[in-house]
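Here is a short report on one structure and its ligand.

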Amino acid sequence: MFKKILIANRGEIACRIMRTAQRMGIKTVAVYSEADANALHVEMADEAVLIGPPSAAESYLDIKKVLAAVAQTGADAVHPGYGFLSENAAFAKALKKAGVAFIGPGTHAITVMGDKIESKKLAVTAGVNTVPGDGGAVKNAAEAVRVAKKIGYPVMLKASAGGGGKGMRVARNDDECREGLMRAQGEAATAFGDDRVFVEKYIENPRHIEIQILADGAGNTVYLHERECSIQRRHQKVIEEAPSAFLDPDTRRAMGEQAVVLARAVKYQSAGTVEFIVDGNRNFYFLEMNTRLQVEHPVTEKITGLDLVEWMFRIAAGENLPFTQSQIPLQGWAIEARIYAENPLRNFLPSSGRLIRYSPPRQDDTLRVDTGVEEGGEISIHYDPMIAKVISYGANREEATKRMSVALDEFYIRGVAHNIGFLAALMAHPRFIEGRISTDLIAEEYPDGFHAQDLAPENPKLLVAVASAVHCAYQERAALISGQIAGRTRVVAGDWVVMVGAESSAVSVVMDEGSYRITLGRETLVVETAWKLGEPLFRGHLDGTPFCLQVERTAIAYRLTHGGAETDVLVMHPRAAELQALMLEKTPTDTSKSLLSPMPGLLVSVAVSEGQDIKAGDELAVVEAMKMENVLRSERDATVAAIKAVPGDTLAVDQIIMEFE
Ligand code: ADP
């Protein structure tokens, strides 16, 4: 086995790979950019090498610098994680030349599978089902239309070098096909320096189901069942699960066997993933093969009990797989949710800044958290905004879903925006619960974006019960301090008015050692909890059902966070209840006079000029942050009075970009 492994990556995946190395007694080396000097992956590693400035091109993507770090530290192997250099054949080749093991497949597999046209050709030859369409690059619009007509609309135009959902367009007629070709080519040329685009059938309302494989140097190739990754936003995965609720054993076996055939066709060695798109009749078609570890690999680890990183190490070190296909378990259900630093309520704008509070949920057999940051850490604008992954596990899908919902409530993040409310809404969505999912679910269910009213439906009784319990605990402490009561084992009680929004209810609360009985009219709610005053997480059971709420005390209310939604709840002495209206009054901020930068970033372009009349929805400017271009649009009809920033400016959050008349 290797003595020392360098991890050519950052964030949660670098930390996750190190954990396995450390468990196996292998020394670890981190590489890091100037922006990551205090990052968790640097702290975790036995050694760390600074490889350059924040920009990925000058650090994590710079092959020469990574190679120099390998030479400097004497690492005998490199794990590339995902992204960055993980599918870079030149990097793998250079390591081989230097006598260092690349923990991944051979360069032939990387090269062939890195190209959608080539890999599709190979899949056809190997007898793997592929999406209808011959897969050749189209030269011009006329040819694209000809091919599209032959296949039959709708079609998808796809960049051969594509990845990360870039360079893809759906076309439903000749005009869309011509335009789609132009756009896909343009995007592909900028993003990948390769404008080859091909046309294939667009599968309507499909599911994305992928097969994890493992292959050793002796030709043993097995599949570790499937992962369903149909919950996507703009062709990017958001929630993944294993197994898939859609597959029957026969389809699972057929897909697994095709994945193995394809892996064998490129003499694959290592862990890899064969992605398929599956239509409503369970016809499945090869999409692409990812020749690396996937973000969503933990769900496979949970249902098989195998550590994929460990097997990547062992295979790269020349060991053979000691198990056969029939020995691979498929037990229970696992779901993964990706926690991003982004604001779903502001069109998923990426967020950056310092994590003032950061406390992931506690891990146990039913919950795993892969995180790459710590409290006090910085979310930088230079990298992918994913900060952690939460993986829940249960005997079945329902259990795993419920566990995930509670875990999302337990995730305590302050300082940057995050998508927990969005993830919680998905977990509570009837279509998710029923398993009626497809890659279009998010676009169909939130056609104009995600809004506050789309958050998971709140249980007002839970809010009333918890706020009453918290208030009772504060009252008890106040009474203890003022000497009105003494000792510990006694019953505390009170009558209050609780206000949630405009709804007020009279409650009577009796607290008795870890249990609160809250009487609301004729109903009595029982909250059992080990919560102590001052703890931010209020975990408990309401009439036997587990829940977790985040509790903060503000000047006038208790701020309860549940399902990603914050609610201010007032608990008052009945006589103080008249003050309610005054206390809840809120004034909305006025954005009609100016366009503010919604995040720190770079002003890429301004689409309007001073004096210009604009309509609601018109593009005003583009701000780039975290490798994402965000188009800022006008919220209403107006006239541009003054432009206060120029392209190239670095913007602070809420900095004025332009003013309106
Ligand atoms: P990338 O390499 O950019 O991730 P993929 O080929 O893996 O691209 O496709 C990403 C997603 O795009 C899929 O999960 C699916 O949602 C959608 N997609 C790709 N090809 C098709 C198709 N032919 N029909 C329908 N959806 C597709």
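The ligand is surrounded by 23 residues, each with a heavy atom within 4 Å of it. Lys116, Gly165, His208, Gln232 and Glu288 are the closest. This is a predicted model: local features need pLDDT of at least 70, side-chain atom pairs count only at pLDDT 80 or more, and totals for chains, interfaces and linings use all residues. Residues are numbered from 1 along each chain as its sequence is written, and side-chain values use heavy atoms, with hydrogens and water left out.

| Protein atom | Ligand atom | Distance |
|---|---|---|
| Lys116, side-chain N or O | oxygen | 2.6 Å |
| Gly165, backbone N or O | oxygen | 2.6 Å |
| Lys201, backbone N or O | nitrogen | 2.9 Å |

On its own, the ligand has 550 Å² of accessible area (Shrake-Rupley method, 1.4 Å probe), and the protein covers 96% of that area. Strand 6 (155-159), strand 8 (197-201), strand 12 (270-278) and strand 13 (284-290) each give two or more residues to the shell. Strands here are DSSP runs (E) of at least two residues; helices (H or I) have at least four.

Where does the ligand lie? Domain 2 (106-131 + 205-331) and domain 3 (134-201) both give residues to the shell, so the ligand lies between them. The domain bounds come from an automatic or database domain assignment.

Now the whole chain. It has 17 helices and 38 strands. Its C-alpha atoms fill a box of roughly 80 × 70 × 55 Å along the principal axes. Of its 661 residues, 54% count as buried, meaning under 20% relative accessible area (1.4 Å probe, protein chains only).

Key: Polar contact = N/O pair within 3.5 Å; in protein donor to acceptor, adjacent residues only side chain to side chain. Buried < 20%, exposed > 50% of the residue type's maximum accessible area, 1.4 Å probe, protein only.
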